[in-house]
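This briefing is intended to be read with the sequence and the structure side by side. Please keep both in view while working through the topics below.

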Number of protein chains: 2
Amino acid sequence: MRILIDCFGGDHSPDANIDGALEALNRFPDLTVMLTGDEAVLREKLAGRAYDTDRVEIIHAPQVIGCDEKPTDVIRLKRDSSMMKAIMLLRDRDDIAALVSTGSTGALVTGALVRIGRLRGVIRPAFCPLLPTMNGGIVGICDSGANVEVTSAMLRQFAVMASLYMENVCGVASPRTALLNVGKEPGKGDTIRQEAYSLLQETEEVHFSGNMESRELLTGDYDVVVCDGFSGNVLVKSVEGTAVELLKKLKKDIFSRTLYKVGALLMKRMFEEEKRFMNYQNYGGSVLLGTSKVVVKGHGSSKAVAVTKCIEQAYRMEASGLNRRIEAALAKYEHYEE
Amino acid sequence: MRILIDCFGGDHSPDANIDGALEALNRFPDLTVMLTGDEAVLREKLAGRAYDTDRVEIIHAPQVIGCDEKPTDVIRLKRDSSMMKAIMLLRDRDDIAALVSTGSTGALVTGALVRIGRLRGVIRPAFCPLLPTMNGGIVGICDSGANVEVTSAMLRQFAVMASLYMENVCGVASPRTALLNVGKEPGKGDTIRQEAYSLLQETEEVHFSGNMESRELLTGDYDVVVCDGFSGNVLVKSVEGTAVELLKKLKKDIFSRTLYKVGALLMKRMFEEEKRFMNYQNYGGSVLLGTSKVVVKGHGSSKAVAVTKCIEQAYRMEASGLNRRIEAALAKYEHYEE
């Protein structure tokens, strides 16, 4: 299986992306990685590393995407950037399975949508990142930001796609799926939410558990949470922000008194475990569901371990035939005509 | 000053509400509290407590509101409930300043809107709860759930009302105000957010700091965050849920090994401090901004300390002349005609 790694764009790129790709080669014997980016830089970085040269290809893409560039400009003007070159290769070559990128989210979504396109029947692709729950499980949140505006039909599709992803790629049997809302009772929220509630009740592929309030996200009672991309983005980032800020405060408070430092020393292993537990780097990236080829977006701050995890997700998505399953499932419901 | 306390409806009512009201009398010598609810129960509860009888009035309201009753039904059918009786008294009597309730949010918003009405120029009232930030400050989130759908003009009004509240009631000078969005760059989000961004830039009363992502909420960099009631609700409850679940996990992990228990014992005082810090009971309720009389909603799980805090907020809102300030500020901008 061939997977493209966009090696420029994240905070720790290209090193993290290269190391993450090489580690993925160890995990999957049939994997070949295609690294996109400035060839001279990539060759220099690779020269110091041990790897199977037959399974690493370099695609020269010297252009750099700026932080504040508009996605539509990137697509038009940055065809030789590491991201756009990867997107075009993914579109044009049947022997390439997937793309992993830690670059600009907006450019990636727009590029994937415009250049790669949607699966048959999909209204709009959606992001589905994973968060750890307090009972040791994971929960998928779909959509986490690809679509700030949605319809009830889109929410239903997000539920179908995310359920199939959790079941076939993440190994969660019969994923319990909830609709993010401002209260648990049916009838809560705006018209879109009320309609989606009815649609989800009659969707065979989805194990619908009703409405969920955001405070329940981490309890482990749900495997998939369906939402518009605006509130999904707010949800994921506020969990992340709250965890980060609380750990920061804890650390600061521990260092304020010797007694606390001694206590914390006894609990060192536990705190390390908590830190590992709350580190999103260990839970992979945000997979884009509904595009006609597999695209995984790693967090901008991804280190090598996170990049490897993203490649693993992409590999498993392709190996599980997820996209064919999504098309088959969505075909049963009203088809979308543009 | 007379303030109504709806004594039935919260998890710890009526005891928490009664105790909270009596404690408020100690703090404000010119305060009289009017307790609404079943008179026999209230008299029995008060009989065992020491208080200034001249400053406590009992309003008999025997009807009980069920958890799953529709707000519109409550208004129509439960006129003798502790909440609706309080709302009607607040509307009819000029000598009553405010209402504090820990009952159903939906019924309170609808009751306040329909029976009490809006301030001149206000499109829709909005909730503004407070959360603690990591540098020891507070941040107000407006709207946190009264309006699941908004317009850009409403978002601008939320910003004006919440800024005036933070400045005049919470003592935050020149509150830095941000728009909740999916990214920091101008132009992010849907049309409503883009329009609101422009409106906020030209609103003199608001110290606009641009877009904010939810992960920054607790950093202390912002004093007011403006949002629609849907994503605001998601935001507030996910911060609460994440903090609660993390503390629960920490506690469980501490009890898993003797060594950790010893360590935690040394840090006992620190953990108590963290717990107190993250306990929303200490930050009061969600004030309703934009109604023609002061209404404060306490969390359903409010204990006496939280009820006292809510009464304190109501007292200060009235004493500061907040509503007159809001009317004056909004009069400068396009008036809303229904």
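How many bridges join β6(B) to strand β7 (residues 138–142) of chain B? Three bridges join them, and the two strands run antiparallel. The model under discussion is a predicted one.

- Strands β6 and β7 of chain B belong to an open sheet of five strands, whose order is β6-β7-β10-β8-β9.
- The pairing within this sheet is mixed.
- At the edges stand β6 (130–132) and β9 (207–212) of chain B; each has a single partner strand, so one side of each is left without a neighbour in the sheet.
- On average, neighbouring strands of the sheet are turned by 30° against each other, direction ignored.

**A helix pair in chain A**

- Two packed helices are described by the angle between their axes and the distance between the axes.
- In chain A, the axes of helix α6 (residues 152–168) and helix α12 (residues 322–330) come within 10 Å and cross at roughly 140°.
- The crossing of α6(A) and α12(A) is right-handed.
- From α6(A), the contact is made by A:Gln157, A:Val160, A:Met161, A:Leu164, A:Tyr165 and A:Asn168.
- From α12(A), the contact is made by A:Leu322, A:Arg325, A:Ile326, A:Ala329 and A:Leu330.
- By class, the residues of this contact comprise eight nonpolar, two polar and one charged.

**The relation between the two chains**

- Two copies of a chain are related by a rotation about an axis and a shift along it.

**The contact between the two chains**

- Chain A gives 44 residues to the contact, and chain B gives 44 residues.
- On the side of chain A that touches chain B, α8 (229–254), α9 (258–266) and α10 (268–278) of chain A each supply at least two residues.
- The largest share of that side, 18 residues, comes from α8(A).
- By class, the side of chain A that touches chain B has 20 nonpolar, 10 polar and 14 charged residues.
- Of the interface residues of chain A, 100% are also interface residues in chain B, so the copies meet through the same surface.

How values were computed: Residues numbered from 1 in each chain as written. Chains lettered and ligands numbered in written order. Predicted model: local features only at pLDDT ≥ 70, side-chain atom pairs only at ≥ 80, totals over all residues. Contact = placed C-beta atoms within 7 Å. Helix = DSSP H or I, 4+ residues; strand = E, 2+ residues; numbered from the N terminus. Nonpolar A, V, L, I, M, F, W, Y, C, P; charged D, E, K, R; others polar. Axes fitted to C-alpha atoms, helices over the stretch in contact; angles between N-to-C directions. Left-handed = near helix turned anticlockwise from the far one by under 90°. Pairing = 2+ DSSP bridges.
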